[in-house]
Amino acid sequence: MLSFETPEHEMLRKAVRDFAIKEVRPIAAKIDKTKEFPRENFRKMGELGFHGVTVPTEYGGSGMGALACAIVNEELARECASTALSYLAHAVLCVNNLYLNGTDVQRKKYLPKLISGEHMGAWALTEPGSGSDAKALKTKYRVESRGGKKGFVLNGTKLFITNAFLADVTIVFARPEGTGPEKDKDAITVFLAEKGTPGFKPHEPMDKMGMRASPTSEITFEDCFIPEENLLGQERKGTEHMLLGLDVERITIAAIPVGIAQGALDVALKYATERKQFGVEIGTFQMIKTFLADMATETRASRLLVYDTAHRLDHGEKGLTMEASMAKYYASEVGTRTALKAVQILGGYGYITEFPVERMARDAKLLEIGAGTSEIQRIIVARELIRKAGYSMGDKS
Amino acid sequence: MSNPFESDDQKALRESVRRFTVDVIEPIAAEDDQQKRFRRDIFDKMGGLGVTGITTPEAWGGAGLGFREYVIVVEEIAKASVPYAVVLAVTGLPQQTLKAHGTDAQKEKWLRPLAEGKLLGAFALTEPSVGSDAANLKTTATKSGDGYVLSGAKMFITSAGYADVYVVFARTGGPGAKGVSSFLVHKDDKGFTVGAPEKKMGWNSSPLAQLFFEDCRIPADRLLGAEGDGFRHAMAALDSGRITIAAISVGLMRGALAACLKYGKERTAFGKPITDNQAIQFMLADMDQKISASARLVEHVAALRDAGHPYGKEAAIAKCFATDSAMQVTTDAVQVFGGYGYLADYPVERMMRDAKVLQIVEGTNQIQRMVIARDLLRA
């Protein structure tokens with residue numbers, strides 16, 4: 001237990017750990033191979049209350065906050081990062097944003113089923129031509145009335161959308177026709193797109209290096225009519241809405257590589273104390289000890305960066321953009337590095353699918369890319385450093 | 001990229017393998033990775049190109065060239081596919097042992113068809129409980145009548161199930177390195193079976209499996225050299241293997257950098273090509289430094305070997321540096337591509353998966369560091 005954690009956090013961690021060992025670990029290798037999303041486990045996570053940790057009790061959540069959400073992500077990722085990633089897209093990107101920006105009517109309509117795990121949520125920002133440069137998105141809408149009902153007609157393409165293929169509710173970012181990267185770049189509007197809406201087409205999940213059990217899809221919008229009541233927040237205020245949940249998102253996604261690193265260390269530690277070469281356990285060699293020490297130290301440093309920021313967020317501190325970005329890129333790079341070291345310790349056995357570490361290495365790489373690449377996070381950290389110090393430069397970066 | 005220190009013949013060899021790679025390997029590399037498929041006809045075509053026996057003398061069906069040429073060949077193929085380059089490098093290992101220690105009769109029967117690409121060769125040293133600690137291998141070869149009986153299991157054997165002939169290391173004497181001998185085993189030998197293909201992170205089109213020897217009787221003329229020489233044969237083959245693994249890493253890195261340059265100049269963000277960003281430029285610059293340094297180490301060790309100088313430490317340095325570099329370069333290549341780099345639609349995710357095991361095979365990089373340090377401290 002870390003200094004930030006309350007007894008409630010400790011109980012939550014134990015509940016997630018028990019669930020992860022009993023239900024997630026046994027299927028992790030199989031679902032990686034078959035690319036099958038563990039829908040049944042997702043429902044059980046709802047029963048255990050994991051999906052609503054950031055939502056107040058009056059809307060069916062447990063109102064625990066960012067640190068609790070980081071704990072869930074970490075403990076899930078320790079056994080299966082795909083499960084954690086889909087949980088994050090659902091519970092943080094969709095549920096938490098819907099709660100933060102939704103009206104009372106929208107909260108009551110959508111949150112109960114999303115929190116129970118009966119429904120799944122997604123969040124669609126990235127497009128084929130806009131990743132790091134998110135506000136350069138090109139999905140367009142126009143205001144239109146259909147059958148006497150006011151609404152919005154969307155056209156465009158979204159890419160790399162976690163959960164989109166299965167989601168019942170997807171949060172979508174689009175811009176009014178006539179605006180673009182050069183004109184009113186910030187004029188972005190957020191919508192709730194429901195599964196089965198005509199013109200809303202999530203594609204078959206893509207084939208990717210890792211995170212294979214978490215479906216990632218392209219979505220096309222073809223004259224997709226979204227009724228007025230599915231507007232999330234205010235028109236053209238999407239950029240502000242996006243920022244409300246951003247620090248929580250960064251800090252909870254950063255908990256996933258912490259979990260992967262811990263999982264890789266768990267396996268490597270056991271292997272190093274059992275496997276014998278030259279008549280002794282390989283853990284007796286200094287080189288292996290050095291690997292293990294670096295893995296554990298960097299994992300702990302990552303966890304502390306994540307938990308400290310989450311703890312501050314939970315206590316109402318604002319302006320944690322720099323801290324969240326530091327945690328995100330540091331933890332994700334430690335995740336990849338640590339998982340690769342685990343493969344190295346296991347040697348040939350680490351490269352075959354009999355052990356989980358090769359999967360962990362493949363899964364870990366995504367975290368350096370998704371939700372803001374390491375390059376973008378570094379730019380944010382440096383920009384904030386300069387701004388907070390009161391310096392200014394000619395560039396507008 | 002043209003290297004002024006390469007002879008005209010070497011340049012011509014590089015060009016012909018480059019063209020072969022573009023025409024034959026590149027079109028199938030991604031699909032064979034996805035399907036986890038090895039195609040024998042691709043290997044047959046390498047035989048047709050004359051590269052399956054580069055360092056074997058012309059008198060025995062090879063090209064009679066040196067390691068300087070050998071590394072050019074595997075590097076060029078690895079630009080498009082590491083696993084196919086690996087199969088080519090591995091079929092060279094039994095040739096190294098046969099060339100150095102085989103009798104004329106053994107050379108005629110095995111070396112010639114291996115060099116001509118008519119037979120596919122493999123190398124079986126590692127066992128389930130013996131990897132880095134090869135001198136402790138447990139497979140036994142017991143003298144019986146006019147031959148030997150092999151008994152035991154081998155693990156992580158490249159080309160297993162597809163190879164026609166395997167060099168197998170087994171214990172004929174007491175414990176330790178001095179009790180090991182090397183033998184040739186043919187795929188049809190009674191008592192020899194191959195396990196199911198391993199499921200693994202990368203190298204998907206180079207098959208990997210266990211070998212089992214149960215009362216496997218082989219004639220006496222399958223012994224290579226003398227009894228007790230096997231461990232020396234294995235270490236010599238691994239020294240050579242380290243050079244080719246390093247060369248494969250160079251090819252892989254060149255392939256990754258080429259893909260990044262193409263993508264980076266086309267992809268725009270914030271209204272400009274992503275290569276306008278220093279963060280991307282410096283990653284590319286670091287890649288190029290690692291490639292250049294690795295390539296020079298490979299050329300140097302190949303030249304040492306060709307000139308008959310000791311090269312064990314230099315092989316370890318080249319292997320360790322080039323494979324660590326390949327891991328970094330391919331991981332960064334995925335990063336340059338961003339989300340697209342994580343998809344199977346582009347080659348860089350495959351390259352990153354293929355890179356990792358380069359740090360493990362032919363002696364893990366921990367072993368390479370031991371080899372280097374031991375040499376330093378002996379002086």
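How many bridges join strand 2 of chain B to strand 3 of chain B? There are 4, and the two strands run antiparallel. More on this pair follows below.

## The model

This is a predicted model, in which local features need pLDDT of at least 70, side-chain atom pairs count only at pLDDT 80 or more, and totals for chains, interfaces and linings use all residues. Residues are numbered from 1 along each chain as its sequence is written, while chains are lettered from A and ligands numbered from 1 in the order in which they are written.

## Chain A overall

Chain A has 13 helices and 10 strands. Both kinds of element are DSSP runs numbered from the N terminus: helices are H or I with at least four residues, strands are E with at least two. The C-alpha atoms fill a box of roughly 80 × 50 × 40 Å along the principal axes. For 397 residues, a compact globule would have a radius of gyration near 21 Å, and chain A agrees with its 21 Å. That radius is taken over C-alpha atoms, and the globule rule is 2.2 Å times the number of residues to the power 0.38.

Of the 397 residues of chain A, 55% count as buried. A residue is buried if 20 or more other C-beta atoms lie within 10 Å of its own, exposed if 12 or fewer, and partly exposed in between, with C-beta atoms placed from the backbone. In chain A, 74% of the contacts with a separation of 6 or more link residues 24 or more positions apart. Two residues are in contact if their C-beta atoms, placed from the backbone, lie within 7 Å.

## Helix 2 of chain A

Helix 2 of chain A covers residues 39–47, and A:Asn41, A:Phe42, A:Met45 and A:Gly46 are buried there. Seen down the helix axis, the buried residues fall within an arc of 150 degrees, so they line one face of the helix. The arc is that of the directions from the helix axis to the C-beta atoms.

What covers these buried residues? The cover includes helix 1 (7–34), helix 4 (81–101) and helix 5 (104–116) of chain A. The face turned away from the buried side carries the exposed residues A:Glu40 and A:Glu47. After helix 2 of chain A comes A:Gly49, with a positive phi near 85 degrees.

## Domains of chain A

Chain A is divided into domain 1 (7–120), domain 2 (124–236) and domain 3 (242–388). Domain bounds come from an automatic or database domain assignment. The centres of domain 2 and domain 3 of chain A, taken over C-alpha atoms, are separated by 31 Å. Their contact takes 4 residues from domain 2 and 7 residues from domain 3. On the domain 2 side, the residues divide into 2 nonpolar, 2 polar and no charged. Ala, Val, Leu, Ile, Met, Phe, Trp, Tyr, Cys and Pro count as nonpolar, Asp, Glu, Lys and Arg as charged, and the others, Gly among them, as polar.

## Chain B overall

Chain B has 10 helices and 10 strands. Its radius of gyration is 21 Å, close to the 21 Å that the globule rule gives for 379 residues, so chain B is as compact as a globular protein of that length. The C-alpha atoms of chain B fill a box of roughly 80 × 45 × 40 Å along the principal axes. Buried residues make up 55% of the 379 residues.

## Strands of chain B

Strand 2 (residues 140–143) and strand 3 (residues 147–158) of chain B form a hairpin with 3 residues between the strands. B:Gly145 takes a positive phi near 60 degrees in this hairpin. Two strands pair if DSSP finds at least two bridges between them. B:Thr142 stands opposite B:Val149 in strand 3 of chain B.

Strand 3 of chain B also joins strand 7 (residues 208–219) of chain B, through 9 antiparallel bridges. There, the bridge partner of B:Val149 is B:Arg217.

## Domains of chain B

The assignment for chain B gives domain 1 (8–119), domain 2 (122–231) and domain 3 (235–378). The centres of domain 1 and domain 3 of chain B, over C-alpha atoms, are 21 Å apart. In contact are 25 residues of domain 1 and 23 residues of domain 3 of chain B. On the domain 1 side, helix 4 of chain B gives the most, with 10 residues. By class, that side has 15 nonpolar, 5 polar and 5 charged residues.

## Where the chains meet

31 residues of chain B are in contact with 31 residues of chain A. Helix 8 (312–337) and helix 9 (348–356) of chain B each give two or more residues to the chain B side. The residues of that side divide into 13 nonpolar, 11 polar and 7 charged.
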